[in-house]
Amino acid sequence: MVKIAIGAIIILAITIFITSYILINRISYNKDDATGNTTGNLNNGGLFCEYKGMIYFANAADKNKLYCMTSDCTNARKLVDDSVAYINVCGKYIYYVRNNYSPDAIAMVFRGQLFGLYRCNLDGSHIQTVTTDKSGMISLCGNYIYYQHYDDNTALTLQKIKIDKKDQTFIDDTEYNVANVYNKKIYFSNPNQRNRIYCLDTSNDSITPFYDANSYLVDYEGDYMYYIDLDKNYALMRVNTKTRVLEQIFAPPDGIIVNYNVYDKKIFVQVEGKNGLTTGLYRLNTDGTQIEYIAQGNITNVHCTSKYTFFMYFSDQQTLYRVPTTGTFSKVEIITIK
């Protein structure tokens, strides 16, 4: 009887272990129209991503390691001891590109050991390698991650891989920008077609023309497609996708727009001026009204969340600044996250 009891206990323990292993490793899939970050944030490196009241971010004060904090910038804590970029968050997972570059590890970089696409739980646990391929920008669309793949023979190409690490697929030999995922399609400026706006239908990965403009950094939001128009001295434009009515949103008289980030009813615009007085970050409504000068100088890494918009100066990418994304703007704040 004792042997039978011991055997039953062993069988029960093995069953519990196997069941636990299966549950831990079972993939939680997304809806087909799921996305992982905003277009504007991904175009700025995907260093910040807000999801269900939490901000997941690369902490510049700690070598861009993966942290999280609440949307009001409190209760910050480190999740993963990786330097990260192109953060996407959806469902139970965080997806990111590992970017653990350091001068002391350059040999490992060329062996492809420091760059890759990874997935972890929202608390930073259970880190999984999706692919060890050297990756540029990534973007989640449903249950696939579209990414710019690099190897020494073909340089950058566009590929996709399922979040369960299966079905790795070559899409195109051009590394199209995959930041703008909207309604299960990816919109981008096609460098092979005079920067005209094209659309990738993720249901079959077909690529077709969408809008005729010499464009840069496209962003389909609601009824509008926003883009920088290279034929109009880098002015910020938007076209109503239903009526095809074209509007000029912002065109600085003595400067060009080099970057922008749309969030809700606001746009943050980075201007490179012909003189130092106009170079800097501006905030305006999506219809082009209420233009405000936010910060002077060469700005980079502009990321928007529901409460705050974060940015850095190009000459100092260790110090993080924030301003309200919407509402009254009074001053720029330095924020230190330890």
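Keep in mind that the model is predicted. The protein has 338 residues, and 52% of them are buried. Its secondary structure comes to 27 strands and 3 helices.

**The big picture**
- Take the contacts in the protein with a separation of 6 or more: 38% of them are between residues 24 or more positions apart.

- In soluble globular proteins, nonpolar side chains tend to be buried together.
- Here, the largest nonpolar core has 60 residues, and Leu66, Ile94 and Phe310 have the most contacts inside it.
- Strand 4, covering residues 77–90, gives this core its largest share, with 8 residues.
- There's also a second, separate core of 14 residues, with Tyr226, Ile249, Ile267 and Val271 among them.
- Back to leucine 66: setting aside neighbours within four places in sequence, its contacts include Leu79, Val80, Val84 and Ile87. Leucine 66 is also in contact with Ile94, Tyr96 and Cys120, as well as with Lys78 and Asp82.

- You'll find arginine 119 in strand 6, which runs over residues 115–121.
- What the side chain of arginine 119 does reach is the backbone oxygen of isoleucine 163, at 2.7 Å.
- Not counting residues up to four places away in sequence, arginine 119 touches Tyr93, Ile94 and Tyr95, plus others including His126, Ile127 and Gln128. Both Ile163 and Asp164 are on that contact list too.

**Aspartate 133: another buried charge**
- Aspartate 133 sits in the loop between strand 7 (128–131) and strand 8 (134–141).
- Aspartate 133 is buried and has no salt bridge; lysine 134, the nearest side chain of opposite charge, is 9.9 Å away.
- Which side chains make polar contacts with the side chain of aspartate 133? One is glutamine 168, at 2.7 Å, and another is histidine 149, at 3.5 Å.
- Leaving out neighbours within four places in sequence, aspartate 133 is in contact with Phe115, Gly116, Leu117 and Tyr147, along with His149 and Gln168.

Key:
Residues numbered from 1 in each chain as written. Predicted model: local features only at pLDDT ≥ 70, side-chain atom pairs only at ≥ 80, totals over all residues. Heavy atoms only, no water. Core = buried A, V, L, I, M, F, W, Y, C linked by side-chain atoms within 4.5 Å. Buried < 20%, exposed > 50% of the residue type's maximum accessible area, 1.4 Å probe, protein only. Helix = DSSP H or I, 4+ residues; strand = E, 2+ residues; numbered from the N terminus. Contact = heavy atoms within 4.5 Å. Polar contact = N/O pair within 3.5 Å; in protein donor to acceptor, adjacent residues only side chain to side chain. Lys, Arg positive; Asp, Glu negative; His and termini not counted. Salt bridge = Lys/Arg side-chain N within 4 Å of Asp/Glu carboxyl O.
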